[in-house]
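Please examine the sequence and the model shown here before reading on.

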Amino acid sequence: MFFRWFCSLIIFPVSALAQSSDTQNTLTAVPDTCVALREGRDCYADVVITWHQPIIGNYCLRDATSKYIMQCWLKQQQGTLNYAFDSKQSIAFELFDSNTSKIIGTAEVKLQWVYQNRQKKRRWRLF
């Protein structure tokens, strides 16, 4: 038992470290959830989107669905954007390298409701 554990520590640490650095999400949105009172209404929140990279470069932040570029940073290693969230649906963001167009990180602001709309069946009776 101890031998297997010891071998796994010797053989797999390099591959485990390589995978964790590649999959690390460098883009964060705080808060990541917006709460509206009723379903279908707009949700309002001030979202702070931050990112950081190990290499200085040219990076841009965009809306994942519409591909609208919100802001770009030239020769930077980190950045912050204050975003006024105003939507009826969840929004995903993408950070990409503007030189290669490779997506580096993603973040999403999800919507939740306090009350969901439930249609009551109203039956009218004449008597």
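The account below passes from the strands and the core to the disulfides, the aromatic side chains and the backbone.

The structure is a predicted model, in which local features need pLDDT of at least 70 and side-chain atom pairs count only at pLDDT 80 or more, while totals for chains, interfaces and linings use all residues. Residues are numbered from 1 along each chain as its sequence is written, and side-chain values use heavy atoms, with hydrogens and water left out.

The description begins with the core. A nonpolar core is a set of buried Ala, Val, Leu, Ile, Met, Phe, Trp, Tyr and Cys residues joined through side-chain atoms within 4.5 Å. Buried here means under 20% relative accessible area, exposed means over 50%, and partly exposed lies in between, with a 1.4 Å probe and protein chains only. In soluble globular proteins, nonpolar side chains tend to be buried together. The largest nonpolar core has 20 residues, and L27, I49 and F85 touch the most other members. Two or more residues come from each of β1 (27-30), β2 (33-38), β3 (43-63), β4 (69-87), β5 (91-97) and β6 (103-115); strands are DSSP runs of E, at least two residues long, numbered from the N terminus. The largest contribution to this core, seven residues, is made by β3.

Which residues does F85 touch, if those up to four places away in sequence are not counted? They are C34, C43, Y44, A45, V47, I91, V109 and L111, where contact means heavy atoms within 4.5 Å.

Strand β1 shows two faces. L27 and A29 form its covered face, and T28 and V30 its uncovered one. In a regular strand the side chains alternate between the two faces of the sheet. β1 pairs with β3 in the antiparallel sense over four bridges; strands count as paired if DSSP finds at least two bridges between them. V30 has V48 as its bridge partner in β3.

D46 also lies in strand β3. At 65% relative accessibility, D46 counts as exposed. Apart from neighbours within four places in sequence, the contacts of D46 are V30, P31, Y83 and A84. D46 and C34 are 12 residues apart along the chain, and their C-alpha atoms are separated by 9.4 Å.

A search of the whole structure finds two disulfides, each a pair of cysteine sulfur atoms within 2.5 Å. With the bonded cysteines of the protein chain numbered in sequence order, the pairing is 1-2, 3-4.

The torsion about the S-S bond of C60 and C72 is about 105°, so the disulfide is right-handed. Because C60 lies in strand β3 and C72 in strand β4, the pair ties together parts that are 12 residues apart in sequence. C60 counts as buried at 5% relative accessibility, whereas C72, at 39%, counts as partly exposed.

Aromatic side chains form a further topic. The whole structure contains three aromatic pairs, and W51, Y59 and W73 form one aromatic cluster. Rings of Phe, Tyr and Trp (its six-membered ring) pair if their centres lie within 6.5 Å; planes under 30 degrees apart count as stacked, over 60 as edge-to-face and the rest as tilted.

Most residues other than glycine have a negative phi, and most peptide bonds are trans. The peptide bond from V30 to P31 is cis, with omega near -5°, and P31 lies in the loop between β1 and β2. K67, in the loop between β3 and β4, is not a glycine, yet has a positive phi of about 65°. At 42% relative accessibility, K67 counts as partly exposed. S101, in the loop between β5 and β6, likewise has a positive phi, near 60°.
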